[in-house]
6 protein chains.
Amino acid sequence: MPRTDLLFDDLPRYSAAATAPADFDDFWAQTLDEAARHDAAAVAVPYPGPLTTLEVFDVSFSGYGGHPVKAWLALPRHRSGRLPCVVRYPGYGNGRSSPLDALEYASCGYAQLVMDVRGQGTSEKGTGDTPDPEGSPHPHRPGFMTKGVLDPRHYYYRRVITDAVRAVAAARTLDSVDPDRVAVAGGSQGGGLAVAAGALAPGVAAVVADVPFLSHFRRAAEVAAEGPYLEISEYCRAHRDSTERVFTTLAYADALNFASRATAPAAFSAAGMDPVTPPSTCYAVYNAYAGPKRMRLWEFNGHEGGGVFAVERNLAFLAEHVG
Amino acid sequence: MPRTDLLFDDLPRYSAAATAPADFDDFWAQTLDEAARHDAAAVAVPYPGPLTTLEVFDVSFSGYGGHPVKAWLALPRHRSGRLPCVVRYPGYGNGRSSPLDALEYASCGYAQLVMDVRGQGTSEKGTGDTPDPEGSPHPHRPGFMTKGVLDPRHYYYRRVITDAVRAVAAARTLDSVDPDRVAVAGGSQGGGLAVAAGALAPGVAAVVADVPFLSHFRRAAEVAAEGPYLEISEYCRAHRDSTERVFTTLAYADALNFASRATAPAAFSAAGMDPVTPPSTCYAVYNAYAGPKRMRLWEFNGHEGGGVFAVERNLAFLAEHVG
Amino acid sequence: MPRTDLLFDDLPRYSAAATAPADFDDFWAQTLDEAARHDAAAVAVPYPGPLTTLEVFDVSFSGYGGHPVKAWLALPRHRSGRLPCVVRYPGYGNGRSSPLDALEYASCGYAQLVMDVRGQGTSEKGTGDTPDPEGSPHPHRPGFMTKGVLDPRHYYYRRVITDAVRAVAAARTLDSVDPDRVAVAGGSQGGGLAVAAGALAPGVAAVVADVPFLSHFRRAAEVAAEGPYLEISEYCRAHRDSTERVFTTLAYADALNFASRATAPAAFSAAGMDPVTPPSTCYAVYNAYAGPKRMRLWEFNGHEGGGVFAVERNLAFLAEHVG
Amino acid sequence: MPRTDLLFDDLPRYSAAATAPADFDDFWAQTLDEAARHDAAAVAVPYPGPLTTLEVFDVSFSGYGGHPVKAWLALPRHRSGRLPCVVRYPGYGNGRSSPLDALEYASCGYAQLVMDVRGQGTSEKGTGDTPDPEGSPHPHRPGFMTKGVLDPRHYYYRRVITDAVRAVAAARTLDSVDPDRVAVAGGSQGGGLAVAAGALAPGVAAVVADVPFLSHFRRAAEVAAEGPYLEISEYCRAHRDSTERVFTTLAYADALNFASRATAPAAFSAAGMDPVTPPSTCYAVYNAYAGPKRMRLWEFNGHEGGGVFAVERNLAFLAEHVG
Amino acid sequence: MPRTDLLFDDLPRYSAAATAPADFDDFWAQTLDEAARHDAAAVAVPYPGPLTTLEVFDVSFSGYGGHPVKAWLALPRHRSGRLPCVVRYPGYGNGRSSPLDALEYASCGYAQLVMDVRGQGTSEKGTGDTPDPEGSPHPHRPGFMTKGVLDPRHYYYRRVITDAVRAVAAARTLDSVDPDRVAVAGGSQGGGLAVAAGALAPGVAAVVADVPFLSHFRRAAEVAAEGPYLEISEYCRAHRDSTERVFTTLAYADALNFASRATAPAAFSAAGMDPVTPPSTCYAVYNAYAGPKRMRLWEFNGHEGGGVFAVERNLAFLAEHVG
Amino acid sequence: MPRTDLLFDDLPRYSAAATAPADFDDFWAQTLDEAARHDAAAVAVPYPGPLTTLEVFDVSFSGYGGHPVKAWLALPRHRSGRLPCVVRYPGYGNGRSSPLDALEYASCGYAQLVMDVRGQGTSEKGTGDTPDPEGSPHPHRPGFMTKGVLDPRHYYYRRVITDAVRAVAAARTLDSVDPDRVAVAGGSQGGGLAVAAGALAPGVAAVVADVPFLSHFRRAAEVAAEGPYLEISEYCRAHRDSTERVFTTLAYADALNFASRATAPAAFSAAGMDPVTPPSTCYAVYNAYAGPKRMRLWEFNGHEGGGVFAVERNLAFLAEHVG
């Protein structure tokens with residue numbers, strides 16, 4: 001897997017101009033206001049299974065449009081008091097998967113809430129249980145990147161980002177969770193959502209964004225060699241007259257624009273040979289990030305990034321900020 | 001592009017058992033009855049453009065659920081009397097494209113009606129203008145093959161096949177069209193839809209099905225090496241416990257089951273090195289076809305099949321039956 | 001299909017030094033003089049077929065060396081007076097194909113003359129009927145790019161470019177054609193030939209060159225990732241001591257050198273992710289073009305370029321200049 | 001990922017003749033006797049880390065030749081009495097990884113012992129800490145499959161299988177483990193080792209073998225399209241005169257020959273589109289297995305097999321036999 | 001490189017029906033008679049260079065149509081009497097290369113004559129110096145397989161096979177060569193030519209045919225996954241109506257039909273995982289071969305076959321028959 | 001094979017900073033002193049075979065640690081006096097192969113000594129007979145690049161470079177060899193070893209280094225797209241915390257650091273489209289080389305470089321310096 005983006009030495013200096021439209025803040029304020037009209041309370045039903053050191057709950061909360069969104073809540077079976085919480089967002093194509101997947105945060109003492117990404121979850125790595133009830137007002141490329149992309153109000157990620165913000169609110173309604181110690185975390189799509197939720201949800205205590213996706217769409221569409229950014233270039237390849245309209249919509253969901261509005265401490269990573277979320281796009285977001293921040297470049301890695309090395313780094317970061 | 005299916009000599013003998021569920025005929029009768037409650041009349045608006053030998057109309061008719069479906073109608077500018085009509089269905093991923101595409105039937109004296117396939121049309125080869133307003137009640141693989149696949153009533157192709165049948169009815173409402181001489185035609189997805197519409201729409205005069213898709217899903221999911229059948233295997237790859245449910249739904253949309261109910265004369269083709277619609281699956285449908293039929297194997301071709309050689313063959317076949 | 005050439009923003013500024021040898025103009029003047037000794041009159045034989053809105057003629061004219069070159073002439077069946085004419089040159093590997101292919105110019109009121117490219121025409125997309133009777137005085141790579149490449153006088157494209165110029169002369173001998181309104185057009189190889197014929201044939205009214213091939217061979221051989229330019233690098237890879245000789249010959253056929261001698265108005269296009277005719281090579285020719293000109297970059301497209309969007313743009317351009 | 005092995009319907013009937021050399025049982029008896037001269041007692045050192053629901057120990061035990069082999073032991077922090085134990089063997093190329101990986105057995109109440117595979121562990125999915133101190137008496141292909149393959153006594157897997165058997169003995173020396181309830185488990189290479197250890201280690205209570213590797217080498221070397229079996233064919237490709245010698249050695253490490261000597265209840269799986277451990281080779285071992293057994297075919301899966309679906313199935317199987 | 005043809009165990013039984021047209025023998029008798037009208041005497045000019053143990057001559061002889069064909073003659077510098085001779089034919093795409101290539105036969109005491117294959121020789125592995133002065137009377141696929149393929153008299157390999165036969169005659173005119181001990185040898189294309197020349201040239205003493213090409217074209221065109229056989233399937237892919245005509249011509253050049261007319265002792269080889277000349281096609285020729293014969297299957301090899309192992313085997317075979 | 005490194009015009013200027021650790025010279029002095037304690041005398045056993053113009057000897061000499069290393073010595077059978085000698089080092093993965101391979105230096109009058117590279121030699125292009133008796137003190141990637149890479153003293157190439165230096169000393173003990181005219185030569189790995197041996201072995205008369213490997217590891221690991229440099233990036237991909245340690249060790253084996261200590265005349269080459277040893281890394285070594293030097297860029301070649309053109313160039317260079 002050779003390098004296809006900038007040389008390692010040139011990455012740290014890479015930054016990009018903000019692309020936020022003038023009504024960006026209004027757009028999101030209004031969007032979240034509408035969502036907030038629905039009850040934020042998470043419904044958590046005990047979920048039987050073979051785990052003995054953890055307790056699992058099948059959670060449902062109201063996301064964008066009041067649509068029910070599923071999540072798994074995993075808690076240490078032996079616990080006392082309210083726990084710090086990590087809200088996790090899956091990578092592109094994956095759902096919340098099985099409660100037997102991704103046990104590490106709960107096994108380290110956190111309340112872990114793994115949100116379904118609506119409509120996604122048909123990967124052999126993890127399935128999901130939450131449909132996206134909204135259609136697209138126009139044909140779109142297979143996948144989610146261009147669903148509704150001709151209009152910010154109907155764009156798919158407007159709904160998903162709203163869900164991600166609502167998941168933070170829902171987590172805070174859980175008895176087991178300390179509402180002042182809620183972090184957001186994820187890799188790839190999950191990292192992009194963490195940056196967005198960290199900026200939009202008030203009082204998020206920490207943000208973990210590994211090899212973040214949804215970052216600097218303009219460059220990403222031009223340099224990504226694999227993965228879902230290609231849906232955007234393929235859409236533009238067909239709809240040759242819609243390019244500007246597409247990127248105008250994408251600007252509302254670009255982590256670049258959330259980063260400059262963020263205040264929570266954040267741990268970023270990028271991978272030097274990542275063809276899916278090219279490291280220059282991750283650095284662009286990192287360099288735009290307005291809160292306290294750290295970055296780790298996994299030089300020779302592809303989109304898998306730091307793997308379990310990143311898990312260890314993230315656990316140390318979380319221990320520092322919400323542990 | 002080497003052969004990946006049966007040896008050429010073994011293809012003609014390949015046949016498959018029918019997979020139609022017991023309520024197959026009821027299912028479709030009821031589906032079409034519901035659709036027929038909406039007015040079938042096509043609305044055809046003259047569409048200006050550079051063509052001088054043809055007249056083009058931007059057509060809209062009511063498809064499944066009364067949803068508006070777009071089509072292009074192209075007619076010879078110099079014409080007299082009602083014309084035989086060819087209703088064309090696009091290949092997977094394509095829409096009705098531009099009226100400047102696919103001029104050959106109209107230039108040969110037919111009224112040509114090119115239907116949009118709802119939701120599709122984001123290919124660099126041809127865009128579409130008709131959304132699929134229905135969502136999926138469960139996550140599905142990117143693409144259309146598994147949208148709603150857990151329930152025949154919500155399956156995407158239930159809507160598309162209904163549109164295809166309604167397009168025939170709509171064509172017959174056009175002043176320029178002789179309702180007794182309506183043929184259906186297409187390649188790949190268009191070929192599968194032609195077989196379905198030919199069986200379900202009463203009085204179709206001829207069916208052209210080149211390298212038909214939507215054919216013998218069980219084998220196709222196992223042997224196709226490229227293309228949209230892989231969406232099915234990938235869905236089953238993730239949802240390892242839903243395989244039987246998936247194939248039960250698919251049986252309602254399988255050309256194999258429409259073929260045995262058909263009566264119109266049909267021209268089929270298959271391609272010996274086709275990794276997308278493997279020739280054995282095309283022969284399975286051909287061998288099940290109950291009407292008068294012919295088959296042409298393009299031995300060394302891939303999914304492009306006969307190309308313009310097939311156009312010539314199809315024009316001769318249509319001249320014989322509806323010319 | 002990721003970008004493999006310059007970033008989009010850097011393309012418009014890309015230009016290249018001319019490479020024309022000192023005897024370039026003499027070489028072509030002498031070459032065309034020799035060809036002009038043969039009778040230019042096209043022989044057009046009515047060609048029966050299923051088309052009813054168009055009339056088709058099987059055309060033969062004398063090309064380089066007086067060799068017969070085939071073409072299809074398509075005319076609107078209902079016409080009056082002499083028509084503006086578009087001489088089309090196929091893409092690499094394709095011949096004039098079937099008269100059922102590429103109906104759009106004739107259907108828009110033009111006399112369309114589709115020239116065979118000698119020796120080519122064994123693509124599944126379109127066959128040809130014109131052999132190249134000349135051999136190569138030395139072994140060459142499979143394909144046409146290095147046939148005779150060690151000597152400009154025996155180089156394959158000397159013959160093809162001459163054919164392209166002669167096609168313009170032949171078109172003007174047709175009763176149906178207005179000799180003052182002959183345009184040349186093509187994509188890829190056809191675009192390169194259009195630039196060459198536009199510069200060499202006196203009085204060409206307009207030039208359409210989409211994603212032109214045969215353009216800036218030096219850079220192309222170094223940066224093209226797919227397609228026929230690779231034949232050049234592969235030849236040099238084998239004949240490691242012939243590199244300079246190869247590029248000296250190629251300079252006689254390089255659109256870069258024709259562009260700077262052109263005067264006709266021209267419409268260019270390039271595709272931002274084109275691995276076959278890299279956009280920098282198209283911009284090099286465009287920036288060297290000496291006549292009135294326009295350029296369209298299809299940012300996210302590969303070698304298919306603008307597709308039917310380009311057809312619409314080209315029809316508008318032609319209407320402006322020869323319509 | 002299309003099918004490259006037998007059709008699904010033909011898999012269950014696939015079986016193969018045993019290939020065990022006459023001295024197979026003596027070879028292994030002697031090999032294990034030698035290993036047993038070293039002290040079996042595992043040394044388990046508490047390993048600090050962020051996990052709170054589990055306790056982790058850095059384990060070392062003496063494997064083949066008395067070489068120290070590392071493992072991670074993970075136990076529920078809240079436990080009482082001796083626990084049933086699962087000895088896990090990693091897949092090819094992976095080591096024991098981090099204790100933060102693969103928490104599910106311990107989180108379900110088992111003592112989980114994850115053994116390093118000597119020399120392996122340089123995968124981005126998991127690193128290892130145990131070298132293989134023995135060299136190869138002859139050059140071998142990069143990788144482990146042909147290290148020492150010209151002589152069964154020096155063959156790499158002689159050492160690894162011995163380590164696997166010794167891991168069972170070592171597990172039984174742990175205070176926390178109930179020696180009568182030790183199961184062996186793994187996928188791919190881990191599955192092949194589980195079959196071998198289940199046959200060679202007396203009293204193993206259950207065997208889990210997902211998509212087992214090291215199975216029916218003869219056919220595997222001929223039909224595997226990807227993965228480490230290719231090292232064998234590549235070795236034979238170079239050493240064209242050593243083929244029989246290679247397969248004679250491999251027979252000593254072939255799960256096919258261990259299977260027919262097994263008595264423990266076993267849960268197998270195979271994947272219908274697995275290019276790495278082709279399903280026919282898994283069925284060959286399954287059909288040869290002499291103990292109580294069950295098999296699950298994941299029809300549309302590749303080498304990932306059942307994923308978390310398999311974890312659930314395996315936990316149920318283990319609960320039945322050692323829970 | 002996985003197997004893509006029959007299982008190893010099924011190869012030895014594979015045979016094919018002869019495809020020789022009725023006039024096959026007349027065709028070749030007449031062809032060779034015409035060639036024999038030109039003087040067979042080879043012109044050998046000493047060629048200076050760095051070799052000290054060998055002497056090299058730049059040879060020219062008259063091939064098909066009296067066209068001059070180049071060859072390298074290499075002889076041991078220290079020699080006495082007339083030497084046995086090996087006439088070598090290169091693989092597809094290669095020419096006689098440099099005299100520094102392929103020294104082994106001359107270094108073992110043979111007069112080695114390496115013939116250029118007309119028109120070929122633009123591979124990075126070896127260049128050639130002999131053009132094919134004949135063009136093709138119809139467009140053909142890039143490469144040589146379909147040059148003139150619509151008419152046996154103009155088919156490219158008619159000329160090359162004639163050259164190969166004439167090379168034997170030319171070799172016998174050399175002072176240094178014992179005319180009774182001339183063998184023909186080659187791999188791939190060279191192997192197919194050796195079978196043809198061995199059958200057509202009277203008195204050839206031995207034939208070496210490694211992984212022979214030009215063998216059983218019908219099956220080869222259907223099963224070859226890479227290499228020049230694909231030119232045939234690609235030609236048929238374009239010229240969908242010429243398939244039978246193509247294979248009728250190919251039958252005149254098929255080693256299958258020469259094999260059944262051969263009498264010289266022959267050493268064959270095939271490679272079990274050869275995607276270029278599939279082993280079944282080699283076995284078909286071997287099983288049809290009418291002279292004394294031996295076959296070696298290199299089970300795990302691709303098109304490189306036995307490599308230097310085959311050289312050793314061939315030298316032993318030649319020592320036995322012409323040494 | 002498109003270019004993946006710098007543009008051709010930018011290559012000549014590319015240079016890199018030296019990376020030699022402070023103890024680099026001591027490290028190698030001590031290493032070679034230890035090796036010199038073993039007897040350097042080569043044992044040369046006549047090796048029967050079919051060659052008549054050359055004599056072959058099966059050679060063994062003591063390499064690193066006194067380990068026996070095999071080589072083939074080939075001499076002109078007719079010779080007088082002591083001969084100039086070329087010590088050749090194979091490319092990565094290859095061994096000394098058969099004495100029938102690579103005859104050109106001996107056939108041009110040189111004593112040719114082809115050294116085995118310990119542990120290597122399982123390529124279909126050439127096998128080897130020399131094992132590497134040392135294991136690795138830690139797991140390493142399949143292959144040799146990271147065997148012992150965590151410690152310069154245990155690094156695999158410490159042993160191989162020592163063998164290469166010892167081969168020069170051994171060559172000088174042969175009766176047939178003129179000790180003052182010993183050159184070292186190789187391509188790829190062989191080229192890197194030639195640079196190292198040329199710098200470390202006193203009195204080497206000439207160095208031939210084609211497309212040298214083991215050159216400027218830092219850049220190579222980042223830009224190589226294929227081949228063994230990827231083992232380094234893959235190791236770092238797994239062992240994300242060992243990157244600096246890896247490159248520290250590699251600096252002891254980097255041709256960049258040997259080049260600046262060299263004095264012998266050297267002939268280098270690089271290939272403009274080489275994905276295995278990117279040309280910039282070759283130029284970095286060339287530009288650092290301290291002795292008389294020449295460079296040839298094979299612009300359009302991949303890793304095959306100049307092929308037989310390079311052989312001719314190298315023979316001329318050797319004739320000039322040791323002939």
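Biologist: What rotation, and what shift along its axis, superposes chain C on chain E?

Modeller: Please bear in mind that this is a predicted model. In general, two copies of a chain are related by a rotation about an axis and a shift along it. Here chain C is brought onto chain E by a rotation of 180° with 0.0 Å of shift along the axis, and the RMSD is 0.0 Å. The two copies are thus related as by a two-fold rotation axis. The same surface serves both copies, since 100% of the contact residues of chain C recur in chain E.

Biologist: Which rotation superposes chain A on chain C?

Modeller: For chain A and chain C the rotation is 120°, with 0.0 Å of shift along its axis and an RMSD of 0.0 Å. That is the relation of a three-fold axis. Among the residues of chain A, A:T4 comes closest to the rotation axis, its C-alpha lying at 5.6 Å.

Biologist: How far apart are the closest C-alpha atoms of chain C and chain D?

Modeller: They lie 20 Å apart, and no contact joins chain C and chain D. Chain B and chain F do not touch either; their nearest C-alpha atoms are 20 Å apart.

Biologist: How many disulfides does the structure hold?

Modeller: The general idea is that a disulfide is a covalent bond between the sulfur atoms of two cysteines. Over all chains, the structure holds 0 disulfides. Consider A:C108: the closest cysteine sulfur, in A:C85, is 14 Å from its own, which is too far for a bond. In chain D, the sulfur of D:C85 has its closest cysteine sulfur in D:C108, at 14 Å, again too far for a bond.

Biologist: Is A:C108 buried or exposed, and is D:C85 buried or exposed?

Modeller: A residue counts as buried when its relative accessible area is under 20%. A:C108 has a relative accessible area of 9% and is therefore buried. D:C85 is buried as well, with a value of 0%.

Biologist: Which way do the side chains of β9(E) point?

Modeller: E:A206, E:V208 and E:D210 point one way, E:V207 and E:A209 point the other way, and all are buried. With 5 of its 5 residues buried, β9(E) is largely enclosed by the rest of the structure.

Biologist: What span should the 12 residues of helix α4 of chain F have?

Modeller: An α-helix has 3.6 residues a turn, so residues three or four places apart point the same way. At 1.5 Å a residue, α4(F) should span 16 Å, and its end C-alpha atoms are 16 Å apart, which agrees. Since 11 of its 12 residues are buried, α4(F) is largely enclosed by the rest of the structure. Among the buried residues are F:Q189, F:L193 and F:L200.

Biologist: Which residues does B:F57 touch, beyond those up to four places away in sequence?

Modeller: B:F57 lies in strand β2 of chain B and counts as buried at 13% relative accessibility. It touches B:A44, B:V45, B:P46, B:Y47, B:A71, B:W72, B:L73 and B:L75. Although B:F57 and B:V45 are 12 residues apart along the chain, their C-alpha atoms are separated by 5.1 Å.

Terms used. Residues are numbered from 1 along each chain as its sequence is written. Chains are lettered from A and ligands numbered from 1 in the order in which they are written. This is a predicted model: local features need pLDDT of at least 70, side-chain atom pairs count only at pLDDT 80 or more; totals for chains, interfaces and linings use all residues. Side-chain values use heavy atoms; hydrogens and water are left out. Copies are superposed by least squares on the C-alpha atoms of residues with pLDDT of at least 70 in both. Contact means heavy atoms within 4.5 Å. A disulfide is a pair of cysteine sulfur atoms within 2.5 Å. Buried means under 20% relative accessible area, exposed over 50%, partly exposed in between (1.4 Å probe, protein chains only). Helices (H or I, at least four residues) and strands (E, at least two) are DSSP runs, numbered from the N terminus. The expected span of a helix is 1.5 Å times one less than its number of residues.
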